[in-house]
Amino acid sequence: MTIYKIQGNIHDFSVLKPLEINNLLSPLLQQAAQISCECSSKSAPLFVTHRAGNYHLAKTAGSAGLHAQLCKHGALTAVRAASMGYASSALSNLNDEIVFSLDRPLKIGGENPSVVSSNVNFQGASKAYVRTVSSRMTLLGLLHVLWERARLHEHNPNNLLQQPIWPKLRAAAHDLRPKGRTDLAFGLSDIFLLPLHSQTANQQARNFAKLNGARNTGSMLLFVAQFSPKDIADLLNTSQNKYSMKSLLGVEITRYGNAPFLTNLASSFQNEINRSQNFGDPLIAIGIAKPDSKLPYAQISSMALMPVTGHHIPFDSSFEKDLADELINQKRHFLKPLRFDTKQDLQVHPDFILLDVPPIDIAIEVYGMNTPSYLARKAEKIDIYTAASTNIGYWDWNASQSPNLHAWLASKPLPR
Ligand SMILES: [Zn+2]
């Protein structure tokens, strides 16, 4: 969500340095320049503003609704936040920034915040349904926010610019602000460590600078990394007294012995870990680390895991992974709507959305269980999203009865 059209030319801000952005925008201050956000098909108008020594793009009055759900220029209405499982106190939008509250402290020595649940009514096509929302976001929810802001939940076979994923995530962390943290100049990206990768030669130096900065200001760090099945086995192996993420992040993010977060990680993500160990899928980890008083060390204090396909599409079950791989194999253009902090069967969005059957989108549902309560929740979900969009088609796979996807496709092909 960093693609802008400025005076007829497309610019991707995720690959520009702050100085390059300033040079691009400064001549356009107070000009009636043609600038639009390309986060959605609606080309929402923007203008150039100036604050704290830097030039920024800001939305014009009345245009917030034209942006994508998690575009920083958009409007995270209470209904949009609720569809992701959040009360407005967990996720909101202010002054062309997205503001979030995590369910754990990001300041060293901070108290664990209290987490409050409340109920929200969603209007379906036939009636209203109750969904529970939370006043705080989990780490996994934050990873989903980053993934969607980076548009990594979309597969577009026609997009020949197969950009590396890590610079996109770095851009996604920009202007994503932990609530109340006005000390962070560029929001979350000030304390956000990314994996070493060939596209940013100086990532190790960046990570070291962030570790040092967080240590000096009493802040915790956030990191994202990709774990192979062997990396996960190493992390969980407590007979190894010291574990370090040096090879993944270039700095000494460590755990000693049987650190408390490990028990929680192994139980909360047991299915994901087992599947990765059995089938070799990579896991994307997001974690919090506390800088040591001694450089260059920090210790992991919590972590969450997200399974992805080889094309980095997240999935919630083996059936969903089969379907995502099949859609990629068939060169289909699709979205994987993320769950954020809604429970799997309480989501209000489809499991996938096909985008290449114009003029309508096709909602795709995968039925992995056939218990009455599960099927009732799925029916509610369809009722809710068909009420929200009058222009949507529908296809499903009853995987609990017909677990072989190819056999199912032979009798019920995907819409073309
Ligand atoms: Zn936008």
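Biologist: How far apart do the C-alpha centres of domain 2 and domain 3 lie?

Modeller: This is a predicted model, and the protein is divided into domain 1 (1-69), domain 2 (139-307) and domain 3 (318-411). Between the C-alpha centres of domain 2 and domain 3, the distance is 29 Å.

Biologist: How many residues does the contact take from domain 2, and how many from domain 3?

Modeller: Two residues are in contact if their C-beta atoms lie within 7 Å. By that cut-off, domain 2 gives eleven residues and domain 3 gives twelve residues.

Biologist: Which element gives the largest share of the side of domain 2 that touches domain 3?

Modeller: The elements that give two or more residues to this side of domain 2 are α3 (139-149) and β10 (154-155). By type, the residues on this side are two nonpolar, six polar and three charged. The largest share is four residues, and they come from α3.

Biologist: What span should the 17 residues of helix α11 have, and how far apart are its end C-alpha atoms?

Modeller: Helix α11 covers residues 372-388, and at 1.5 Å a residue it should span 24 Å. This agrees with the distance between the end C-alpha atoms of α11, which is 25 Å.

Biologist: Why are the buried residues of α11 said to be on the same side?

Modeller: In α11 the buried residues are Lys378, Glu380, Lys381, Ile384 and Tyr385. An α-helix has 3.6 residues a turn, so residues three or four places apart point the same way.

Biologist: Which exposed residues does the face of α11 turned away from its buried side carry?

Modeller: The buried residues of α11 pack against β8 (117-123), β9 (128-134), β20 (361-366) and β21 (392-397). On the face turned away from that buried side, the exposed residues are Pro372 and Ala376.

Notes: Residues are numbered from 1 along each chain as its sequence is written. This is a predicted model: local features need pLDDT of at least 70, side-chain atom pairs count only at pLDDT 80 or more; totals for chains, interfaces and linings use all residues. Domain bounds come from an automatic or database domain assignment. Ala, Val, Leu, Ile, Met, Phe, Trp, Tyr, Cys and Pro count as nonpolar, Asp, Glu, Lys and Arg as charged, and the others, Gly among them, as polar. The expected span of a helix is 1.5 Å times one less than its number of residues. A residue is buried if 20 or more other C-beta atoms lie within 10 Å of its own, exposed if 12 or fewer, and partly exposed in between; C-beta atoms are placed from the backbone.
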